[in-house]
Amino acid sequence: MISPEGPPLQRTGALIDVMDALPAALRALGHDVCVVLPFYREIRENRAFKKKNTGIAVDVQVGDKVYPAQYLEGRSSSGVQLYLVRCDEFFDRDGIYGERGEPYEDNASRFIFFCKAALELSRRLTPQLQILHVHDWPAALVPVFVYAQGLPFKTVLTIHHVADQGSFWGLDFGLTNLPEQFFTLHGVEFFGRLNFLKGGILYADKITTVSEYYRREILKPSGGCGLDAVLRENAHRLSAILDGADYKVWNPASDRLLPARYDENLASGPRGPVLGMVTRVVQEKGFEILVPLLDRLLWDDVRLITLGEGDPAYETSLAVAAKKFPTKFAYQKDYDAKLAHLIEAGMDISLIPSRFEPAGLSAIYNLKYGALPVARATGGIHEIIEDYDPNSGSGYGFLCYEYSSEAFWDAIKRARQTFCDRNLWTRLMKRAMARNFSWDASARRYEDLYRELIGATEEAAA
């Protein structure tokens, strides 16, 4: 697998969790799996992560320049083989994509280099790889290069977030060193710009995304972020496989980061609700509708804990609210794994006001820890959370369907009122904790997809 993010990075983000759990689940099914990602400064400075030089070095051409690629290797905590692409000029930086809310100006060069370097490594590994599974826009040019060079790999592109496309000005196409015919309507050109994700969509053998509802959303103008027509034209190659949770890591019954462990037989506590969020602090996660509610929310008898970084403006708003309500609201910007697990275990209600939530992986974690979600119904949330219906007694979450502060506030009020009935709340918690979204079923669906591709290759060869 080729991804811009993955273990051992320590920060909030669904892609990191997926790249830790999915390869491990496939490995458990008997497949040889490795992950290729950039050798970022954060990984270099992580002394707990053991890495060594492979001895492989390749010169990679990016436009008129040539950059050296060195390859290191290590293993994830689950034992999956990791390969790290080193080029300090591109990856020895504080951020992954940018700093202080601004992207790096040379991101086109950085990830064209990464795609080419990952492909060069793939050509050298033995036994020969059969499938290159790439994730999101930074790796999306790999299928294009495979096609252009006629390489013997099948390719799969997983779209985790269609809004991030790797769109750069047209002159950056020269950095790819691809023939000019690739910069057309039927190639990587999109309204005069170089678009990484469009290239991946057109040239990957199979395309997946992370929930069925998100698949439907991105095929529409309202959810496709401009690429909906391209996706509709290639919908016959697009399928949805819901992300899962690694319950070896995210399970309150065995979580080593908790001071006390528990399961669905937990005891209730006579206290007001604790609300929490472990998320990226960006607009798409709904902070534009949540921030206006903070005063109203925190004047109530609640506690709120938020962990995550992102847009400096929203970070500032959260910091200001934390100073205004120091006994009710705690905000930490820098990610800490132990704190993330403590928040999951300590909160009664999770807040998910997202405008877009492709997979809803955080909601899966919330349910396992008994935190009932208040969420906007979008993307994978539809498949994970069932809205509580007081008439039938079904459900275990609180959904709103309109993207607005008032609609989300109404859902919070429903949760707050339900919380007052501690016996009912405990029943809902137990119901939520009993839900199973492990990677087992999802990994088998990817396995079926890979077998289909390999089978087609063998039939063609025969």
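Student: Into how many nonpolar, polar and charged residues does the lining of the second largest pocket divide?

Tutor: This is a predicted model, and its residues are numbered from 1 along each chain as the sequence is written. Local features need pLDDT of at least 70 and side-chain atom pairs count only at pLDDT 80 or more, while totals for chains, interfaces and linings use all residues; side-chain values use heavy atoms, without hydrogens and water. Ala, Val, Leu, Ile, Met, Phe, Trp, Tyr, Cys and Pro count as nonpolar, Asp, Glu, Lys and Arg as charged, and the others, Gly among them, as polar. On this basis the lining of the second largest pocket divides into 22 nonpolar, eight polar and 10 charged residues.

Student: Which residues of that lining lie nearest the centre of the second largest pocket?

Tutor: On a 1 Å grid over the protein atoms alone, a pocket is an open set of points with protein on both sides within 12 Å along at least five of seven lines, a cavity is a set where a 1.4 Å probe fits but cannot get out, and lining residues have an atom within 4 Å of a point. The second largest pocket holds about 1100 Å³ of space, where grid points are joined across faces, edges and corners and a volume is the space filled by probe spheres set on the points. Its lining comprises 40 residues, and those nearest the centre are Asp20, Ser77, Ser78, Asp246 and Val249.

Student: Which element gives the largest share of the lining of the second largest pocket?

Tutor: Helices (H or I, at least four residues) and strands (E, at least two) are DSSP runs numbered from the N terminus. The elements giving two or more residues to this lining are α1 (14-28), α12 (337-346) and α17 (439-461). The largest share, seven residues, comes from α1.

Student: Which residues line the largest cavity?

Tutor: The count comes to one cavity of 30 Å³ or more, and the largest cavity has a volume of about 30 Å³. By class, its lining has five nonpolar, no polar and one charged residues. The residues concerned are Pro273, Leu275, Val302, Ile349, Ile412 and Arg416.

Student: Which residue in β3 is the bridge partner of Ala57?

Tutor: An open sheet of four strands with mixed pairing has the order β1-β4-β3-β2, with β1 (34-38) and β2 (51-62) as its edge strands. Strands β2 and β3 (residues 65-75) run antiparallel and are joined by nine bridges. In β3, the partner of Ala57 is Gln70.

Student: Which residues does Pro358 contact, leaving aside its neighbours within four places in sequence?

Tutor: Pro358 lies in the loop between β17 (349-352) and α13 (361-368). Its relative accessible area is 10%, so Pro358 is buried, a class set at under 20%, with exposed over 50% and partly exposed in between (1.4 Å probe, protein chains only). Contact means heavy atoms within 4.5 Å. With those neighbours left aside, the contacts of Pro358 are His160, His161, Val210, Ser211, Tyr214, Gly379 and Gly380.

Student: What is the phi of Asp136?

Tutor: Asp136 is found in the loop between β7 and α5 (142-149), and at 11% relative accessibility Asp136 counts as buried. Its phi is positive although Asp136 is a residue other than glycine, with a value near 60 degrees.

Student: What is the omega of the cis peptide bond from Thr126 to Pro127?

Tutor: Pro127 has its place in the loop between α4 and β7. The peptide bond from Thr126 to Pro127 is cis, with omega near -5 degrees.

Methods. Two strands pair if DSSP finds at least two bridges between them.
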